[in-house]
2 protein chains.
Amino acid sequence: MSPTITAFEQSPDHGKGQARDMRIRWALEEVGQPYDVRLVSFKAMKEPAHRALHPFGQIPTYEEGDLALFESGAIVFHIAERHVGLLPDDANARARAVTWMFAALNTVEPPIVEREQAPYLERDKAWYDERLPLLEDRVRGRLNELSNRLGDADWLDNTFSAGDLLMVTVLRRLNGSGMLDEFPNLSAYVARGEARPAFKRAFDAQLAIWQARQ
Amino acid sequence: MSPTITAFEQSPDHGKGQARDMRIRWALEEVGQPYDVRLVSFKAMKEPAHRALHPFGQIPTYEEGDLALFESGAIVFHIAERHVGLLPDDANARARAVTWMFAALNTVEPPIVEREQAPYLERDKAWYDERLPLLEDRVRGRLNELSNRLGDADWLDNTFSAGDLLMVTVLRRLNGSGMLDEFPNLSAYVARGEARPAFKRAFDAQLAIWQARQ
């Protein structure tokens, strides 16, 4: 049985692969698991039927038989646990890969989301121009630490894992900001992720939804 | 062999159990695993020896033989996977518990941290007084959604799990803000967590470190 995920009916990023369903699509493509997609409108996301699946009224969700999950990190982990290809076999290497999953979502992503949301939430505020550089410096601090750890390695812990998959999607949120260009090894790391055939299939699938709506 | 975790030599919260080592201590107490603690200063946290363990220069870390982990979510998960008591046996219930772990750290915690950091980062800014209510409304939005999902249940998905452990520690960050009082079921949920004997042992252990330094 193929799982069903949810995605935006009209993605705010216009098909740039920034919505969090991209993470799930990429993971499913990496392990070769076909899936179905149900599109939801912004209005439907906040209604009781969708909230029963996702208490915070967001996408993506994941349904498989009588199992319903939300949170992109948890869904990627669920896929990684049940298929070969996203977590190493060695127990210690697996625990380190899980560490990078949490690091991507709890340490690196929050300041990036703050910086990304500021134009939507606060562009009309008097403080916007003065505050944006502070937000960018917080992002830069994290990027610097991540860049130092990655060094000239291809992936965060030897082989590509679900930790890299999430980290690449988190760093891609900075596309267009110019901030990644300050860290050539991180830019190359993101490009390495984007070059994977599974990434490309996932990207094309979400873009096709946007294009079909225009 | 007992694992060794790191904690603040001088916790900024003065022993209120808000530092992230509390999550690890609580998890280890729930499963009955003794542990050692190595205290680190703010200066030492940013030096190469500690950064080798934790690329972002923070606490906690977790060392067990030749395994070294960071990120409180990943460490709690590692403990939960290797011991009985923090994740359900049923595969679907286990996946849902993992979902709540990620929800606590990636959906609920970030706006709470933003609101908590504002006084440290921006109290001297002209916009501080006007912006704080906006931050509080973002937290309130998440709390409202979480409160609606929890309803009158004791725990987020039937039995206490690592998802509740993380969510309670995330919500405790609001202690003293008055915001939790607006959601009586969430206040009761946090109190239910704090009443667990394992929580109390963990809390007392971190408080003792603070008291011994005074």
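Student: In which loop of chain B is Pro60(B) found?
Tutor: This is a predicted model, and in it a cis peptide bond joins Ile59(B) and Pro60(B), with omega about 0 degrees. Most peptide bonds are trans. As for its place in chain B, Pro60(B) is found in the loop between α3 (48-53) and β3 (61-64).

Student: Which residue does a cis peptide bond join to Pro60(A)?
Tutor: In chain A, Pro60(A) lies in the loop between α3 (48-53) and β3 (61-64). The bond in question has an omega of about 0 degrees, and the residue that it joins to Pro60(A) is Ile59(A).

Student: By what turn can chain A be laid on chain B?
Tutor: The superposition has an RMSD of 0.0 Å, and the shift along the axis is 0.0 Å. That is the relation of a two-fold axis. The same surface serves both copies, since 100% of the contact residues of chain A recur in chain B.

Student: What pattern of helices and strands does chain A follow along the sequence?
Tutor: Chain A has nine helices and four strands. Read along the sequence, these elements of chain A give the pattern β-α-β-α-α-β-β-α-α-α-α-α-α.

Student: What radius of gyration does chain A have, and why can that value be said to agree with a compact globule?
Tutor: The C-alpha atoms of chain A fill a box of roughly 50 × 45 × 30 Å along the principal axes, and buried residues make up 41% of the 214 residues in the chain. Because a compact globule with 214 residues would have a radius of gyration near 17 Å, the value for chain A agrees with that expectation, being 17 Å.

Student: How many residues of the side of domain 1 of chain A that touches domain 2 of chain A are nonpolar?
Tutor: The domain assignment of chain A gives domain 1 (4-85 + 198-213) and domain 2 (91-196), and the centres of these domains, taken over C-alpha atoms, are separated by 21 Å. The contact takes 11 residues from domain 1 of chain A and 11 residues from domain 2 of chain A, and on the side of domain 1 at least two residues are supplied by each of α1 (21-31), α4 (72-82) and α9 (197-213). On that side of domain 1 of chain A, two residues are polar, one is charged, and the number of nonpolar residues is eight.

Student: Is Glu71(A) buried or exposed?
Tutor: Glu71(A) is found in the loop between β4 (67-70) and α4 of chain A, and has a positive phi of about 75 degrees although it is not a glycine. Because Glu71(A) has 27 C-beta neighbours inside 10 Å, this residue counts as buried.

Student: In which loop is Asn158(B) found?
Tutor: Asn158(B) has a phi near 70 degrees, a positive value in a residue other than glycine. With 13 C-beta neighbours inside 10 Å, Asn158(B) counts as partly exposed. Its place in chain B is the loop between α6 and α7 (162-172).

Student: What distance separates the C-alpha atoms of Leu132(B) and Asp36(B)?
Tutor: Leu132(B) is found in helix α6 (residues 128-150) of chain B and is partly exposed, with 15 other C-beta atoms within 10 Å. Leu132(B) and Asp36(B) are 96 residues apart along the chain, and their C-alpha atoms are separated by 39 Å.

Key: Residues are numbered from 1 along each chain as its sequence is written. Chains are lettered from A and ligands numbered from 1 in the order in which they are written. This is a predicted model: local features need pLDDT of at least 70, side-chain atom pairs count only at pLDDT 80 or more; totals for chains, interfaces and linings use all residues. The radius of gyration is taken over C-alpha atoms; the globule rule is 2.2 Å times the number of residues to the power 0.38. A residue is buried if 20 or more other C-beta atoms lie within 10 Å of its own, exposed if 12 or fewer, and partly exposed in between; C-beta atoms are placed from the backbone. Copies are superposed by least squares on the C-alpha atoms of residues with pLDDT of at least 70 in both. Two residues are in contact if their C-beta atoms, placed from the backbone, lie within 7 Å. Domain bounds come from an automatic or database domain assignment. Ala, Val, Leu, Ile, Met, Phe, Trp, Tyr, Cys and Pro count as nonpolar, Asp, Glu, Lys and Arg as charged, and the others, Gly among them, as polar.
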